[in-house]
Every structure is written in structure tokens, then in C-alpha cells.
Amino acid sequence: MALLETDYLVIGAGATGLAFADTLLQQGDAHITLVDLHAKPGGHWNDAYPFVALHQPSAFYGVNSLALGSGRKDTVGHNAGLYELASGVEVSGYFHKVMQQQLLPSGRVHHLPMTRFLGMADGAGRIASVLSGAESQIRVRRKVVDARWFSPSVPATTQPKFSVAPGVRRVTPTGLTQLWQAGQERPGQFCILGAGKTAMDVGVWLLDCGVSPDAIRWVMPRDAWLVNRLTTQPGEEFFMHAIGGQVQQMKAMAEATDPVDLFERLEASGQMLRIDRTQRPRMFHYATMSEGEVQWLRQITQVIRKGRVQAIEAGALVLDQGRETMDAGTLYIDCTASAVEVREMAPMFQPGRILPQLVRAPLISFSAAVCAYVEANFDDDAVKNRLCTPVPFPRSVGGYVAATMGSLANQLRWGEDKVMRHWIRESRLDGFGRMVAGVDRNDAEKMALLGELRQQGAAAMANAKRLLAMAD
Ligand SMILES: Cc1cc2nc3c(=O)[nH]c(=O)nc-3n(C[C@H](O)[C@H](O)[C@H](O)COP(=O)(O)OP(=O)(O)OC[C@H]3O[C@@H](n4cnc5c(N)ncnc54)[C@H](O)[C@@H]3O)c2cc1C
């Protein structure tokens, strides 16, 4: 059995593992080994459907040392006027480049694709090749980094939790794009199953492809609040939307009487969107959309709100709250994989082990980079855990308050350390840091807005406890 050695053994070479490894490499002299089941770096992006794209601007996704995209704005499509969103293949290509151009040339990174981490035994990681089955051990001199905490489920690799009768046509979003293949009959009706971002992408894509809204039905167990992408733009010209938007978020949090009221205030000030304004959404997962996409989706009016699918029978859907008769020729597009899994939070720094989680919601790659920065620059685990207090990912509207307040509390702690504050401000993954740092002190309007942000932030924190107590 081969015995390898490394300082840090990173399990998972998705966005989390790569962003962590990239910053750790920049911040010290450690040797890093990444093991991953996939054939290429990038994690679940390798399994994504052809029309997937980031829902946030490329400008602040990926790893710290390499820009993603060219910083241009889209001129066509539903995102026109806003900063580019990398497509799935661009994200995969980017992570390939990260490995080939940033990590491996350092001579301090070892990548083991198609390799399963089996566990630790006597200070060594046990791994096995997916292809040959051969087992090896990696002696870990410093720490194991478990970068699998997020590991979102995606349709292509997830089995449905409902039964499907023989003869029923169920496809994943990838299968939907393969309907051109010989022997595939054109469906009379399309039915989207699920209410998350993937389901929304499918709705937009079907309409873009010219499918009539009358031919689309949509099973939506819960309606969702959506982040208005306009408020996430990193360019200077969006200062009022981005920083002004943060002021509005803090103001809404300071004044809201309960979480429902909070989201209605956020909608009124243009921070949040919902597809159907007659519904009161209960779900919030930071799915981010442009106003154009939301408007486009409103064409789909045949929405089935009877809970989750339990079974698809020939000619009918069985749902939590009843049956729904369906056309026999319906094609079901399964978007029920839960991209956001429910996982227990734990201290990020444990003896011999690091478990990267969110330090600022919802920025996964930024969070992993901060976690690596803290590992490289601080000694005491108690200090590290204070700087990287896990922020809960929201499961519902109530979770937004905890996620926002947790992110804010971490930000305040980082601000106490001048060097860390500077590093974060310069990080491309931070989103708005450079925009704020670049404000001309003589620009009275922008300076006033920054002052208001501080004021409203304090008021929001004061009201947050009350809102948290009401959260479900
Ligand atoms: C459609 C879609 C769009 C998204 N858009 C955005 C966005 O715009 N912005 C954003 O911030 N986030 C977005 N996300 C969230 C996204 O999931 C994260 O950004 C990120 O890609 C998650 O990466 P990860 O490394 O945590 O998980 P993964 O990509 O799942 O990587 C985990 C890796 O661990 C490996 N692994 C698991 N078990 C083992 C084992 N035993 N041994 C070895 N390896 C193992 C897996 O093979 C996998 O490669 C999106 C998600 C989806 C599904």
C-alpha cells in the first residue's frame, strides 16, 4: 500500500476545497493534497445541466487568485445591463484552469481525482481509487479539511424520492436537452417538478426555447422569495443599488414587526422579488434572479400548489395534499434534488480537522477563502473559531434574519484586525469591499450612505433578537 504525505488533506475539490486550497497556498508554505471522486475539479459543476449558469455575478465567484470572466456586462438576454454570469461549462473550465495554472504549478499541491476518501486511521487518511480500487494512505502532518459540508444535491446525480409508474416519462434537466435524439417523442405537455433555482432555470429555458406557457405546468410545493440580482452588482456604477440596497435591508430589519413584514418591506424597496405576488412565500435560499427573469416566469400560470410529489402515476400526480389529473403525454422534468441540504453546524476549527462552512451568507467561495486565511494567520483555535463563527444557511424566511446577523457579527470581528480587514477588502471574492474602499471621501452622497449603513446596521441588530424569536 502506497504511503503519501501532506500538510493539509482536503476532501473535495469543488468550489469550497479549491477556494480554501488557493488561499492557503497564497498565505503560507504548506503542502496540500486534494482528493475528489470526480474526474475533474469543480465538484457538482461537472454534473450540471447544459443551460445552468451562476446566479450571482462571475466577478466574485471562484478562488481569490484568479478572476472568473472578463468583467463585462451582458448586453442580451434576461441579464442584460448586469454583470456577466458564467455558464456551467465556463465555471468547469475556470476550475480546470485554477488547478492547472494556479495550484499545480506551485509544486506544493497534489490532486487525486477519481479518489474516494474512506476515513482517518492513526493520523493517516485512507483513500481508494474509484477505478482500480487500490487503497493508499496519506499521512497528514497538520490537518484534514473536510470540504464536503455544502455538497449540494443536483438532479443529474440524485434519485427521486417519489415513485414513477412504468411508462411515465421523467427526465432531469440534462435529459430535457437531449430530446432531439432519435426515438424521442415530442411531449404534449411539460411539467416542472420542484420550486428551487433549478426549476426556475428550467421554466425560463423552456419559454426561451419557444414552448407555449399553456404547455407548461409547475409543481411548486413552496413559493420562494428571491434576491433581486440588481442589488448584487459589484461595479461602481451600481453603488446606489448595492450599498443603498444594504441600507434598505438594514432599515427593513430594524423596522419590521415580524419576518413576513420584513420580506414585504424588502420587496417594496426592490431587494427581494417573488414570482406570484398573490402568494406569501415561505422559502428563502438566496436564489438570485433578475427582474426580467421573474417577469418572464410569470407567464407560467398553471401552478400546482398541493405540496410535494409522492408518486407519478399514468395520467395523475399524487401529491401531499391531493391528486392532480395530468395529460398522458406529459414529460416530467425532475428538479426536486435539494441543492441545499440540511446539515448540522459545528465549530470550523477542531483538533486536527477543519470544516469550512459559511462565514458570510450566501458566499460559499468567499467563506472558504476566509477560513483558509484564518487558518494560515492565527494560532489559537478559539480565536479562529471566533473569527469564523458559522453562519446558518436559511431554510425559510425566518432564517434570513439569523444569516444576516451572523454575517454582520463576523464582519465586525474581522474589522478588529487591521491586516485581515485589508486582506478582505482586497479579496476579489468579497463583492463590495473594493467598491466601498474606493469611495471618494469628498463624495457627500456616498459618504452619507455609508454613514446611514452603520446607523441602520446597529438598529437592525437591536431589532433582530425580537425577529429571531418569531422565526420558524
Ligand atoms: C445550479 C446551481 C447554481 C449555483 N449558483 C451559485 C452561485 O451563483 N453562487 C454561489 O455562491 N453558489 C452557487 N451555487 C452553490 C454551489 O453549490 C456552490 O457555489 C459550490 O459550487 C459548492 O461547492 P462545494 O465544493 O461546497 O460542493 P461540491 O461542488 O458538491 O463539491 C464537493 C466535492 O466533494 C467530493 N466528495 C464527496 N465525498 C467524497 C469522498 N468520500 N471522497 C472524495 N471526494 C468526495 C465530491 O466528489 C465533490 O466534488 C449553485 C448551486 C447550484 C446547484
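Because the model is predicted, local features need pLDDT of at least 70 and side-chain atom pairs count only at pLDDT 80 or more, while totals for chains, interfaces and linings use all residues. Residues are numbered from 1 along each chain, as its sequence is written.

The ligand has 31 residues around it, and Gly12, Gly14, Thr16, Gly43 and Phe150 come nearest (near meaning a C-beta atom, placed from the backbone, within 6 Å). By class, the shell splits into 16 nonpolar, 11 polar and 4 charged residues (Ala, Val, Leu, Ile, Met, Phe, Trp, Tyr, Cys and Pro are nonpolar; Asp, Glu, Lys and Arg charged; the others, Gly among them, polar). Helix H1 (15-27) gives the most, with 3 residues; strand S4 (115-121) and helix H4 (197-208) each supply at least two. Helices (H or I, at least four residues) and strands (E, at least two) are DSSP runs, numbered from the N terminus.

As for the overall layout, the domain assignment, automatic or from a database, gives domain 1 (3-152 + 341-410), domain 2 (155-225 + 277-334) and domain 3 (231-273 + 439-472).

Then there is the helix pair. H10 (residues 399-415) and H13 (residues 444-470) pack at about 140°, axes 10 Å apart (axes are lines fitted to C-alpha atoms over the stretch in contact, with angles from 0 to 180 degrees between N-to-C directions). Val401, Ala402, Met405 and Leu408 in H10 meet Gly457, Met461, Ala464, Leu467 and Leu468 in H13 (contact: C-beta atoms, placed from the backbone, within 7 Å). That contact has 8 nonpolar, 1 polar and no charged residues.

Note on methods
Two residues are in contact if their C-beta atoms, placed from the backbone, lie within 7 Å.
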